Amino acid sequence: MDAEREVLDVLARNAREDIDDIAAQTGLDAAAVADAIDALEADNVVHGYQAVVDWDRVEEGKIRAVVEINVELDRETGYEQVADRIAKFPAVDALHLVSGDYDFAVEVLGETMQDVSEFISEQVAPMPEVTQTVTHYIMETYKDGGIRFEDGDDDDRLSVSP
């Protein structure tokens with residue numbers, strides 16, 4: 001798994017790296033890199049490759065929200081079953097079982113704030129196990145997927161006046 005881990009670390013930083021570049025960065029030969037990628041995909045360690053999008057820079061961007069969900073489980077229903085039902089919705093971008101004051105942290109994408117609100121109130125909140133939801137709308141994203149979003153102005157110098 002050491003070779004696979006090295007390849008995984010490179011892919012996590014930039015999934016568009018070419019096999020020869022990954023080989024150069026890891027000290028492996030190209031065939032070993034290709035085999036490692038195949039194994040990672042076959043073992044469901046790598047589930048896909050995605051672009052990290054700064055929706056604030058897109059003319060018709062998306063609204064993002066983090067939703068806290070509390071649930072009450074019974075003998076027949078566990079976290080896995082509730083998670084399966086929540087994860088099936090296309091609006092759900094990420095779903096995490098968390099420790100702390102609530103049970104699930106859900107990242108939701110919608111076209112408008114109303115879309116997100118309706119999704120939560122009409123699809124998630126009515127689930128029998130859900131006891132409470134708290135929605136936090138993302139106002140600004142500074143870093144996502146390990147990538148820092150810059151404003152494009154690289155000049156960080158302070159102005160000096162005489």
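A charge is taken to sit over a ring if NZ of Lys or CZ of Arg is within 6 Å of the ring centre and within 35 degrees of the ring normal. The charged end of lysine 88 meets this rule over the ring of phenylalanine 89, at 5.4 Å from its centre. The model is predicted, so local features need pLDDT of at least 70 and side-chain atom pairs count only at pLDDT 80 or more, while totals for chains, interfaces and linings use all residues. Residues are numbered from 1 along each chain as its sequence is written, and side-chain values use heavy atoms, without hydrogens and water.

Rings of Phe, Tyr and Trp (its six-membered ring) were paired if their centres lie within 6.5 Å, with planes under 30 degrees apart counted as stacked, over 60 as edge-to-face and the rest as tilted. This rule gives 2 aromatic pairs. Tyrosine 79 and phenylalanine 104 form an edge-to-face pair, because their ring centres are 5.9 Å apart and their planes lie at 75 degrees. The pair links distant parts of the chain, 25 residues apart: tyrosine 79 belongs to helix H4 (residues 79-87) and phenylalanine 104 to strand E3 (residues 104-110). Helices (H or I, at least four residues) and strands (E, at least two) are DSSP runs numbered from the N terminus.

Residues were classed as buried under 20% relative accessible area, exposed over 50% and partly exposed in between (1.4 Å probe, protein chains only). Tyrosine 79 is partly exposed at 35%, whereas phenylalanine 104 is buried at 2%.

The rings of phenylalanine 89 and phenylalanine 119 are also edge-to-face, with centres 5.2 Å apart and planes at 75 degrees. Phenylalanine 89 is buried at 15%, and phenylalanine 119 is buried at 10%.
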